[in-house]
Amino acid sequence: MDSSQINRKRSKKPRIDEGYACVTAPTPNIGADTASAQQLARYHDTDGKLRNMMKIPIDIFAEVCSYLEPLDIRHLALASKGIRSILMTRKARYIWNAVLSSIPGLPKCPSDLNEPRYVRFLFSTECDTTGCDEIATLINWFYRLRFCEKCFDRRMINESSIELIWGNPRYQSGSNELAEYFNRFPVTGLITGDERHSIQSHLYEKPKHFYEKDVKNTIETYKALLQEQDHELRVRAYMRRLHGQRNYRAVTGSAMRLWHFRHLYSQQKEVDARQTARLDCVMEKLAEDGWGLVDFPRCKEFWSPILLYYHFTPEIWEAHKPSLIHLLLLEQESRLEMEIIARKDQRHDDVEILYLQTASEILSLPRHLVKPYIPSQDLINSLPKVQEMLEADTETIAEEQWMGVVEEVRTVIRRHCGNILRQLVALVETGEPTPPVELENAVEGEEIETTTEDIDAMVAKLALVTASFVCKPSAYACGTVHWFPVMLLHWVPSCGDFAVDISPLLKYCEPLDDEGKRLVRRMLGDLGLDPVNATEAEVTSLKNLICARCDHNIANYASFGQIVHHYILAQTWFSAVQRAKQISSHSQYVTNDHDWLLDNTPLVRQDSDEEKASLDLLQAEFLLQAATDPAYDIEGVGGEELRQNLAYREIKRSCNLCPNGLGPRPCSTSMIKIHILAKHGKEPDLDTDTNRQLLWGQHPCPT
């Protein structure tokens, strides 16, 4: 080589740093200041921004790099060719290891990855497909790969694709061990990514767990070994190496995934702390301008600019301040409107509370019971004085303000209550309600005012035990009798609120007739109470009441109203039987053992707690005997097939003496005997008087 060639090689200009490759160096002007001269000199300097770093001794350079984050040192290695030639070599592994060791809890770099590749896999969000700029949201910890959604679908395959590559490995000789290698959880279970991403293209496609390139290399190597002479030993050694590799990747992949999740959690806490600090800074700045915390909107448009920037500088603040102030004004306007609505709702609630309190004082009833007897809340709110009080923009309505309208409200309540109570009293006394008085269209001079004394007198009449109401058979059977004031509260959900007319109530209930009142008076006499003046409060406090006509083995303890309803149902049943006998010429004898008109025996009794406990024990023994009754013998009914399925079936008896459809429900032999003795007045003959039925159990015991 001659000297001219050496000189030409030495005079070759070094490559300009990529950051300034497109900058054209201008010719300096004479008389330029020092700053301009320095700037031009920098443009002509071929070492670029990192020219001084290349002059640092290698030990100091390594010490500086050890203080960087792993992702920062990777970015530094890609900054220039000179630094890349230093950091991207095996001699610089101690620098990478020093950086990685500074991360607490970080697993050691696996042997199948080098340190730069390990840093990129754990800390970067770059897709592993060359030329792809999408963010990698899917991670495969077994293959140490990061892909975006598109690249994942293109470069990962499922089990069906493996079969196509191999040629159906499950049915080819010698391929089962390879299929077993792929279809193991260490290979298929180490994948993490965005759960929104459909790892399978559609519902019925198998999930994609396998890296196509790795699968192809494995299958090709496996097929090549099968072609050799001593392929059995070579294949066995190859499979041992694959299994060892799989186990190693599974262990290290699980450790990396665990650290990844913990790192994301701690990183999120740091991000939240920085965002909270920026929010506090913005709040302080807005508070200086007179804005309060309640004015800060919850919309995304307000908080996104604040949370977006890592460093919320004064320049950024001034740029976003006008839009933030606009959103604050809108939020303040909306808040003020909501406060006006909230104050209005509070005034309505205060009026309702004070209104119910006033009605409770007039009727001498608890607040939750007076609502069906008083005018609606809308009617009270429409009164001029009350409406004026509601329209005033105040926080609440005090009792002093209410005292200014309470007299007018009391007058409306007394008129309305008097109208309803007057109809109820007439309904109890005569069986027919009086026509309601139209308060708005009353004749001039007609006395429609109702005093508190009149209301008290009507309430006292309705509080008597004989002033009771019972559900009609067509309505839902509640199984009891109701008195004032609960009766309207019980039926109002079905017939709606009453204005002044209670006629809708008669569709669901009716007062006791003369026979029913006689029943009530007899029961009161049996209990030692005044048959005429006893009140509902006296009978509701009684306990351990039981029907005196029922057999002691089947009688139930109930309330006073339930026992009244029990006798009414018994009388209704007997009347239905009599009508059925006339129609069908039924000749069997039927008696009414619960007749209170012709039979003067006691109707009800009150037991002590000791007597109740003794009777409960006796009834429990009776039920046990009924369940083990020898009459339950199944011989001749169902045969051997039934005997093998007793856990799912049972035999019960029905009465043949009652008209069709009016007998009791199928029951045990012991109970059907009680029915025949009580209702038919004869000693039962089970063969002729009863009929055995085979019933399927609805809910057989699982044991």
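Predicted model: local features only at pLDDT ≥ 70, side-chain atom pairs only at ≥ 80, totals over all residues.
Trainee: With which residue does Asp607 form a salt bridge?

Mentor: A salt bridge is a side-chain nitrogen of Lys or Arg within 4 Å of a carboxyl oxygen of Asp or Glu. Asp607 forms one with Arg605, and the closest N and O atoms are 2.9 Å apart. Salt bridges that share partners also join Arg74, Arg117, Arg120, Glu126 and Asp128 into one network. Within it, the side chains of Asp128 and Arg120 meet at 3.8 Å, N to O; Asp128 is buried at 15% relative accessibility, and Arg120 is partly exposed at 21%. By this rule the count comes to 20 salt bridges.

Trainee: Which distant parts of the chain does the pair of Arg410 and Glu361 link?

Mentor: Helices are DSSP runs of H or I with at least four residues, strands are runs of E with at least two, and both are numbered from the N terminus. The side chains of Arg410 and Glu361 meet in a salt bridge at 4.0 Å, N to O, and this pair links helix α20, which holds Arg410, to helix α15, which holds Glu361, across 49 residues. Arg410 is partly exposed, with a relative accessible area of 24%.

Trainee: Which residues touch the most other members of the largest nonpolar core?

Mentor: A nonpolar core is a set of buried Ala, Val, Leu, Ile, Met, Phe, Trp, Tyr and Cys residues joined through side-chain atoms within 4.5 Å. Of the 41 residues in the largest one, Leu363, Tyr373, Ile374, Trp402, Leu421 and Leu424 touch the most other members. Helices that each supply at least two residues of this core include α15 (314-363) and α20 (406-430), and α20 gives the most, with 10 residues. Contact means heavy atoms within 4.5 Å; leaving aside neighbours within four places in sequence, Trp402 is in contact with residues including Val351, Leu354, Tyr355 and Met389.

Trainee: In what order do the 3 strands of the open sheet lie?

Mentor: Strands of a sheet pair through backbone hydrogen bonds, either parallel or antiparallel. Two strands pair if DSSP finds at least two bridges between them. Here the order is β7-β6-β8, and the pairing is antiparallel. Because β7 (481-482) and β8 (509-511) stand at the edges, each with a single partner strand, one side of each is left without a neighbour in the sheet. Strand β6 (residues 469-471) is joined to β7 by 2 bridges, and Phe469 stands opposite His482 in β7.

Trainee: Where is Pro684 placed, and what does Pro684 touch?

Mentor: Pro684 is in the loop between α28 (669-680) and α29 (686-689), and at 15% relative accessibility Pro684 counts as buried. Not counting residues up to four places away in sequence, Pro684 touches Lys673, Ile676, Leu677 and Asp689.

Notes
Residues numbered from 1 in each chain as written. Heavy atoms only, no water. Buried < 20%, exposed > 50% of the residue type's maximum accessible area, 1.4 Å probe, protein only.
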